[in-house]
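Thanks for coming, everyone. Please look at the model on the screen for a moment, and then I will talk you through how its parts meet.

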Amino acid sequence: MGKSNLFINGTKGDKAIVLGNEAIARGALEAGIGYASMYPGTPASEIIAVLDKNKRNIENLYTEFSLNEHISLHGAIGASWSGVRSLCAMKNVGLNVASEPAQFLSYTGIKAGLVLAIGSDPGAPSSSNEQDDRWYSLHTYMPIMEPSNIQEAKDFTKDAFDVSEKFSFGIVLMAPSRLCHNAGALYFGDLRDRADIKGDFKKDPENYLNLFNMAVRNHTKYLERNELLKKYLIESKFNKIINGSSSKIGFISSGVIYAHLIESLDILGIYEHKILKLGFTFPLPNELIGRFFEGLDKVVIVEEAEGFLEFQIKKIAYELGFKGEIYGKDFFRQTGELTIDDVISGVSRFLEKPLPVFFDSAVKTNKELRDKLPQRSGTFCIGCPHRATFYSILKAVGFSNTKGKERDVVIAGDIGCYTLGLLPPYNAMDFLTCMNAGLGIGQAISIFDKKKKVIALVGDSTFYHSGIPVLLNAVQNGADILYIILDNSWTAMTGHQKTPSTQKDIDGKSSPNVLNLKDLVKSLGVSYVKSLDPNSVKRFASQIKSALKEPGVKVLIAKRECILQEVRRNKILNKNGAGFAETGGSLYEIQKSRCVKCNECFVELACPAIILKKDEETDNDYYYIDTASCVKCGVCYEICPNSAIRKVEFDLKTEFKLSGKSLAVTL
Amino acid sequence: MKKFNIAIVGLGGQGIITMGTVMKNAALSSDLQDVSGSERRGGAQREGYVETFVKYIFYENESEMKDPRKSMHSPMIESGGTDALISLEPLETLRGACYLNKNSIVIFNKTPHIPISVRMGQTSYPEISFIVSELRRITENIFFYDFDAISIENFNSLTQKNIIALGALFAKADIPIDVTAIENILRTGKGAENNLKAFKLGLKL
């Protein structure tokens, strides 16, 4: 095992299982980066997280979880101009926020290599849209590289820095969630000596200043650099033609979809057609495409989303006067994730070749089965303070599932863990789009629809990202709205990065620059601001009720730390202390004799630790607090209208063995 | 080229991604071997459906390993393409059933987690007998255990159920990876003692 941490110590000849995101980070490390930043976002978060986690053992590496993507990319540009290779990462929608620096990057060019790694999210399993950021390059002119597997994720990233310096472009490295979260074998390369990484900013007004004709001149220059890059890409190792036998059919693909394609052709037993693998999907040189077209009658482009390659290649085919047929989105869908199943089916239809029996029958069986299965959607973790916040809001506005009561108040949603509040049983959002849309849209609704009260929600990390000007705007323009900041002290959903609200790190150390959120809100001109613990649901609900009666902008801060972090910190701290039993202590119990199954805890609060059990004697269902998963937040205890929930002492082992019988020993 | 695919499904927080990582790390000994497979992390720790794929690839020789038509592998398993399916939640076994074919081996955990839709009374949770009969329509090789109970019984905690299930997989399926390779990985990781014990418990099932 020699080297304990291959991510920082690995050299040529070493091999390990790594995540796609870690492979990107390792490639950047091999290229000798000195700067790495991001605003966290799934699926890209681990790219910077792994560098940040290890930075104490990496010489001359600066890492930053920036407050937003706009700042993060500007930081990478500043590092590059100082002569330090820089890596910036973000999720797909992050580029909307960073589109302005991205737009100017080609005008100014770079000094040391700059790579922008983007985690796209087709099928939107962790996002509010599935935009394909490749289209941005049609106007930002940022070249795009698309690795197909773990090894390429590392190798391409490393090479991207050289290409970046050679042509003075920031390079986009595109990785969909399937690659970011693919884990597989990686062969390491050597690391560059890191001792000489240091900044030296040299003035370069010719390139860095953009005003009037200076901007026009820089515009001309980057179009010229783009042509030079195109020439380089005709022969580069990144784009490969795999020659077929005498077939007149050709396939073009890139990235993970290329991996799907190669395996699909193997599954279908097809090996005779010509294939073009594009490592660079922007810009595309006409000569390369022309060479691939030679001898072909029919070409199909296999790619995800709306057809970025098809759009470019059809234009090139027109310019070249290609007489064959070109297909793409005719066979491969534009929305949702393009899976290996989609590629197998699409290729089989395109070639008019039957599907393998095992595959066809599995697809058919599954279609019948799917409809019979109850849907499962994500929900808040057990003990999550957001559950209490949503419960309090819904109580305050009179919503009830069990009593079939709707709510009249408009609830503006936003991005974060609390977004899960839009799902059943809470259904507590009326719209959800991008970061900080809630208050902005909500403000106008409050101005134009005076009959309805409006509540806008935001998390602490999202608020710091770009919410401050939105709140100031609402105050300055006389909005009538209740703004609830769900402050759980962490950017939780993306893996718990710190926010300015983080008071204590996971190891118990106090943060040096904790922000007083209440003071910040006050300083923006909000006179009605209160900070409360959302787990005191009755108090919180009545506070929401009274706030809704007040005019103007009201801010309530639902302040309670993310339960996962609290539990983790306690575990770490208790390990150092004495005699902490993970499974012992006092817990809550539902007394069968008093519970009337009113559903207040089971459906309205819907804590997953409250489960349904069958009484073996009477065969009746009853509600039960699962002792193995309850984290003792006590919210159910507070809300039970029949006082059926009480505190008990327990021992998990005997509890489990005897489950089904009333057994807990009362205190 | 030989392939062996394993799909692991369940809910966020059940240790599914860890299982995949252990299995993949056991495949680093030979150069003619490759391993891949993506994770679906959307619902991690939030009761959502999570799946991870482990794809073992064994090349016949070096030239096959360098053949561009053979050496690139999708991170996903296609419908009907898995040799084994492990599920840590009964209902989710059926969501993972799309990967099964008539020769696949299924190992699933009997302890249910009821989804919100069932909680709200909109749908009902299927009986274990229904799950088994649906699976039988595809394959006969079905094994199910109460991994939660075994974990609590032996460790006073739920955290070992994933490694117990991993042991059960090696007991029931002919995995082309040495049991000792898995044990070596467990031995060098966190919580080695409990993990090795849990793996052995699974092997005896």
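Predicted model: local features only at pLDDT ≥ 70, side-chain atom pairs only at ≥ 80, totals over all residues.

Where the two chains touch, chain B contributes 56 residues and chain A contributes 63 residues, with two residues taken to be in contact if their C-beta atoms, placed from the backbone, lie within 7 Å. On the side of chain B that touches chain A, the elements that give two or more residues include helix 1 (16-25), helix 3 (90-95) and helix 6 (147-155) of chain B, where helices are DSSP runs of H or I with at least four residues, strands are runs of E with at least two, and both are numbered from the N terminus.

Residues are numbered from 1 along each chain as its sequence is written, and chains are lettered from A and ligands numbered from 1 in the order in which they are written.

Turning to chain B as a whole, it has 9 helices and 7 strands, and its C-alpha trace spans about 60 × 35 × 30 Å along its principal axes. Of the 205 residues of chain B, 56% count as buried, that is, with 20 or more other C-beta atoms, placed from the backbone, within 10 Å of their own. Among the contacts in chain B with a separation of 6 or more, 64% come from residues 24 or more positions apart.

Finally, chain A is assigned domain 1 (6-233), domain 2 (240-355), domain 3 (385-567) and domain 4 (581-666), with bounds from an automatic or database domain assignment. The C-alpha centres of domain 2 and domain 3 of chain A lie 47 Å apart.

Technical notes: Buried ≥ 20, exposed ≤ 12 C-beta atoms within 10 Å, placed from the backbone.
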